[in-house]
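Please look over the sequence and the model below.

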Amino acid sequence: MSYTVGTYLAERLAQIGLKHHFAVAGDYNLVLLDQLLTNKNCEQVYCCNELNCGFSAEGYARANGAAAAVVTFSVGAISALNGIGGAYAENLPVILISGAPNSNDHGSGHILHHTIGTPDYSYQLQIAEKLTCAAVSIISPDDAPEKIDHAIRTALREKKPAYIEIACNVSGMPCAAPGPISAVIDVPPSNHAALQAAIKAVSAFIEKHEKPIILVGSKVRAAGAEQAIVRLADAIGCAVGTMAAAKSFFPEDHPSYVGTYWGSASTAHVNEIFNWADSTLALGCVFNDYSTEGWTAWPKGASVVNADKEVTKLDGQSFDSIHLRDLIDGVAEHFKGKPKKDATMVQFHRIATKQLDEAGSTSGTTKLARADIQKAVQGLITPETTIFGETGDSWFNVLRLNLPRGARVEYEMQWGHIGWSVPSMFGYAVGTPERRHILMVGDGSFQLTAQEVAQMTRRKLPVIIFLINNAGYTIEVEIHDGPYNNIKNWNYAALIEAFNAEDGHGKGLRATTPDELSAAIKTALANHDGPTLIECVIPRDDCTGELISWGRHVATANARPPAK
């Protein structure tokens, strides 16, 4: 079989497990899109705009382990790079592929359309270099295989996005056939000596403390360490908490699970048990101003092991070039059969009391409350459910849900781009049609990326969207209020009819009472041919206590005066 640059790229995308790639057409990428279409093992999925395309690929990577987005030069890629920045922050290997000007125009002095009006077109590559782990420009078919493989290999190894720019006249040119895919996907093993030394040091750290506790962070997915942590918890027996961004990354039905640690926003008694513990094993954690509640809940110092994806630090020592899962499995093996270090678990059971469900509304005909929505979502969760929580109070509402084993939660807490969840949920649903998909999003966030609900309609994806209409940016209200947090109200339920047009089967419903919400959910469960958006109208000040407390701490951190 003969290959072109475009078909070579298509083959590599299929070989790394992509069954879909996301795209927005533009004149610089049209030939490339034609070339990609020839590979029937990787379907082309279209998005409404490039920002949404980047976030759709990011969501697909959450479901599939990797993803690709194809856009046009400058006007397309610079918009998509917002989503790529999110993928970098969230440790997701998304391959951004951009068409580019004709190779003959480089160095010609020509001013081209879709550029900033200078004859130097390298600015996009320079921007991409800051937001990816590998960025390449292809202006010759001879160099294409090597550069494509380098970008993909680096993205898969680093669990970060990569960027491939292909001149529009090169996409269809012949190039060498791809070699074995193992050369691209094989990951170097842990350094044996460093691994053994790290296992010994971490095991000794745990042994010398009486009250250890495990904190699970969001990087454990990128590290492939989720199951290893279960084995570690079984071996040690201590309490295990998750950071907010890692909810569902440790099974909530495990006997060692205590809940989410997030300072004053923690689930019941978790803050107390972390404060009581004498040592913390932090696995794949990201400690930023949001996750530490404005630096008020930041485990650090000599009593903390920080084990990242490939680097572990403790007691003034640093061990690198080791995979987190290998370290965890080694420590678990060390403690297998030894007396349990279960003091934190014993103490947690002493102080824990049964957390009562929120009461919600007393009557099915009274005004809808936030607690009613939370109860309704809880009743929909199965082991095959994935819930996306948009930036804002949806974080805290989703955090309160109890998950059966197999259920998943997706947040974007590092990048924190409001509106992320709509296109990301679309991409995730494309990659996992067998799961139940629930999206909780605020009205302000929804207005940024609402168009991608049209693509859910186009592909007949039965996503259930709980749109919380509380008249503005509630998360910003709790951090710092002002008139800029007010938005123009939409008739959100009616919007779905516009997306349906002549052939769609989406449903748009409005709930102002618990009875209306219950009826809307029944309609949603019966609709298998498209998304169902339920506009849930609640008072502006009806938010979780966790958001109020968290917002106060973040606002305090933001307001710190300059250091003298």
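D315 is found in the loop between β14 (311-314) and β15 (317-320); helices (H or I, at least four residues) and strands (E, at least two) are DSSP runs, numbered from the N terminus. The phi angle of D315 is near 45°, a positive value in a residue other than glycine. With a relative accessible area of 38%, D315 is partly exposed, since buried means under 20% relative accessible area, exposed over 50%, and partly exposed in between (1.4 Å probe, protein chains only). S321, in the loop between β15 and α12 (324-335), has a phi near 60°, again a positive value in a residue other than glycine. S321 counts as partly exposed, at 44% relative accessibility.

This is a predicted model: local features need pLDDT of at least 70, side-chain atom pairs count only at pLDDT 80 or more, and totals for chains, interfaces and linings use all residues. Residues are numbered from 1 along each chain as its sequence is written, and side-chain values use heavy atoms, with hydrogens and water left out.

Six strands form an open sheet with parallel pairing, in the order β3-β2-β4-β5-β7-β6; two strands pair if DSSP finds at least two bridges between them. At the edges are β3 (43-46) and β6 (134-138), each pairing on one side only. From one strand to the next the twist averages 20°, where axes are lines fitted to C-alpha atoms, for helices over the stretch in contact, and angles run from 0 to 180 degrees between N-to-C directions. Helix α6 (residues 144-158) packs on this sheet, touching β5 (94-100), β6 and β7 (162-167); contact means heavy atoms within 4.5 Å. The direction of α6 makes about 165° with that of β6. Helix α16 (residues 421-431) lies across β2 and β3, at about 150° to β2.

The aromatic pairs number 15, under the rule that rings of Phe, Tyr and Trp (its six-membered ring) pair if their centres lie within 6.5 Å; planes under 30 degrees apart count as stacked, over 60 as edge-to-face and the rest as tilted. Y28 and F73 form an edge-to-face pair, 6.1 Å centre to centre with 80° between the planes. This pair links distant parts of the chain, 45 residues apart, and both Y28 and F73 are buried. The ring centres of W295 and W298 are 5.1 Å apart and their planes lie at 45°, so this pair is tilted. W298 is partly exposed, at 36% relative accessibility. The charged end of K300 sits over the ring of W298, 3.9 Å from its centre; this requires NZ of Lys or CZ of Arg within 6 Å of the ring centre and within 35 degrees of the ring normal.
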